[in-house]
Amino acid sequence: MATNGSLGRKLRMALVGGGQGSFIGRVHVTAAVLDNRAVLVAGALSSDPARAKASAADYDIDASRAYGSYEELFDKERLRPDPIDFVSIATPNHMHFPVAKAAIKAGFHVICDKPLTLTLAEAEALASLVNASSVIFAVTHNYTGYPLVRQARQMILSGELGDIQAVRSSYIQGWLRTRLESEGHKQAAWRTDPTKSGEAGAFGDIGTHAYNLGRYMTGLLPEKISANLKVFEPPRSLDDYGHAVIRYENGALGTVTASQISHGRENDVRIEIDGTLASLEWHQENPNQLFIRRNGHPHSIYTRDPNAPFTNEAGKAACRLPSGHPEAFFEAFANVYRSAFDAMADRAAGLPVEKINTVYPNVCDGVEGMYFITQSVASSKADGAWLPMRHPLARR
Ligand SMILES: NC(=O)c1ccc[n+]([C@@H]2O[C@H](COP(=O)([O-])OP(=O)(O)OC[C@H]3O[C@@H](n4cnc5c(N)ncnc54)[C@H](O)[C@@H]3O)[C@@H](O)[C@H]2O)c1
């Protein structure tokens with residue numbers, strides 16, 4: 001078993017969501033166990049109690065710990081001599097807040113998917129609960145876990161690109177080009193329903209990832225935002241396309257574009273950053289290459305290589321395989337888990353907060369994602385008006 005510090009055992013995981021026919025729950029479990037530091041022991045896997053219990057066998061969860069609801073999960077686990085250590089929340093957005101709140105109340109660490117909650121008010125309430133507790137709270141902005149994203153972040157923070165002046169990030173998909181939500185497509189149905197998705201569609205679902213990536217890589221704090229969101233497949237009520245312009249503290253300009261209606265596009269998360277000394281470009285559909293360019297020099301392609309002299313400490317620490325063996329979505333997701341597990345182990349060892357790693361996206365980043373949604377929707381309704389974008393909880 002890889003180390004969990006003074007705990008000396010694997011962390012015990014519960015999953016909420018992830019039942020039969022769902023998507024991201026299985027990814028959470030795969031990521032959690034990749035380094036052999038956690039074991040899935042319990043779950044409340046579906047909104048339907050019968051399906052929740054029926055889904056447990058797919059994960060080898062013992063029937064005695066296959067619960068019909070998240071309330072039952074926390075009530076029963078709390079009383080066990082070997083309770084869970086943490087819960088992963090892989091439900092549609094509207095359930096993140098009640099499940100996370102109940103988990104914190106029961107004293108369990110939380111790994112929650114994005115966007116953090118249904119509303120900004122819920123997100124802020126959650127941050128207060130986390131700050132008043134001793135739980136570790138991670139948000140799976142999983143693109144931050146790619147080795148070359150971590151490499152780029154360290155390069156930028158150490159000044160290798162000079163002053164950052166422009167950040168262009170986008171997340172382009174095409175799967176909602178038609179109204180799949182009217183054809184019984186489960187994932188499309190809740191994502192286009194404001195009571196389950198929140199006040200944004202594409203901008204909340206994938207725009208938050210693109211925004212977070214720019215913030216994570218540059219550490220620049222935002223000042224103002226102006227956005228235009230559109231529905232191109234009416235009568236859908238939530239945006240399926242949109243863009244925002246962001247002014248950062250140092251005068252840098254950022255753009256975020258999110259689309260779910262671009263023919264043929266899959267999960268094209270990409271970012272380009274211009275500094276005074278160099279520019280960079282990274283695409284998640286080709287995640288093991290990072291392009292660095294300097295005028296007058298040949299273009300450089302950094303590959304994901306834990307042994308190369310050009311790979312910095314952050315990049316090396318995020319690799320699992322030798323270069324040339326592709327690492328991708330699962331491994332990046334697992335890197336968020338790895339940093340959160342380190343934090344849980346440090347918490348168990350009694351380390352003070354300031355000594356615990358802050359590499360993983362946390363509840364503050366989740367709040368900022370909700371602020372991004374709220375301000376983008378408000379700006380778009382006001383014909384692209386410039387609105388404040390610096391949330392008091394925003395961190396570098
Ligand atoms: N980080 C990423 O890359 C990424 C990718 C996809 C989805 N997501 C996020 O993950 C979440 C789930 O998305 P998905 O595509 O897997 O959705 P999905 O519809 O495929 O699965 C949702 C699951 O949650 C279950 N569920 C609903 N209410 C529940 C309740 N009260 N108790 C227990 N289970 C309940 C459903 O039965 C289903 O099994 C969303 O918040 C989404 O934004 C993140």
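## Two domains

In this predicted model, the centres of domain 1 and domain 2, taken over C-alpha atoms, are separated by 26 Å. Domain 1 covers residues 5-143, while domain 2 is made of residues 146-322 together with 361-388. The contact between the two takes 28 residues from domain 1 and 29 residues from domain 2.

## The ligand and its shell

Both domain 1 and domain 2 give residues to the shell around the ligand, and the ligand therefore lies between them. There are 30 residues around the ligand, of which I24, N93, K114, N142 and Q187 come nearest. By type, the shell divides into 12 nonpolar, 13 polar and 5 charged residues. Strand β1 (11-17) and the helices α7 (186-191), α9 (202-218) and α11 (329-348) each supply at least two residues of this shell, and α7 gives the most, with 4 residues.

A polar backbone atom of F23 lies 2.9 Å from an oxygen atom of the ligand, and an N or O atom in the side chain of W190 is 3.0 Å from an oxygen atom of the ligand. Taken alone, the ligand exposes 850 Å², and the protein buries 93% of that area.

N142, one of the residues that come nearest to the ligand, is placed in the loop between β5 and α6 (147-157). With a relative accessible area of 2%, N142 is buried, because buried means under 20%. Leaving aside neighbours within four places in sequence, N142 is in contact with H209, F329, A332, F333 and V336.

## Helix α4 and its surroundings

Helix α4 spans residues 96-106, and its buried residues are H96, F97, V99, A100, A103, I104 and A106. An α-helix has 3.6 residues a turn, so residues three or four places apart point the same way. The buried residues of α4 pack against the strands β1, β3 (86-90), β4 (109-112) and β5 (137-139), and also against the helices α3 (70-78) and α5 (120-131). After α4 comes G107, whose phi is positive, near 90 degrees.

## V256 in strand β9

V256 lies in strand β9, which runs over residues 253-259, and at 2% relative accessibility V256 counts as buried. Not counting residues up to four places away in sequence, V256 touches S169, F203, G207, A210, Y211, G242, H243, A244, I246 and F372. L176 is 80 residues from V256 along the chain, and the C-alpha atoms of these two residues are separated by 19 Å.

## Backbone features worth checking

Most residues other than glycine have a negative phi, and most peptide bonds are trans. The bond from K114 to P115 is cis, with omega near -15 degrees, and P115 lies in the loop between β4 and α5. The bond from P234 to P235 is also cis, with omega near 10 degrees, and P235 is placed in the loop between β7 (222-230) and β8 (241-248).

Two aspartates have a positive phi. D60 has a phi of about 60 degrees although it is not a glycine; D60 sits in the loop between α2 (49-55) and α3 and is exposed, with a relative accessible area of 71%. D383 likewise has a positive phi of about 60 degrees without being a glycine; D383 is found in the loop between α12 (363-381) and β14 (387-388), and its relative accessible area of 69% makes D383 exposed.

Terms used
Residues numbered from 1 in each chain as written. Predicted model: local features only at pLDDT ≥ 70, side-chain atom pairs only at ≥ 80, totals over all residues. Heavy atoms only, no water. Near = heavy atom within 4 Å. Polar contact = N/O pair within 3.5 Å; in protein donor to acceptor, adjacent residues only side chain to side chain. Areas by Shrake-Rupley, 256 points an atom, 1.4 Å probe, with all protein chains shown as cover. Nonpolar A, V, L, I, M, F, W, Y, C, P; charged D, E, K, R; others polar. Domains from an automatic or database assignment. Buried < 20%, exposed > 50% of the residue type's maximum accessible area, 1.4 Å probe, protein only. Contact = heavy atoms within 4.5 Å.
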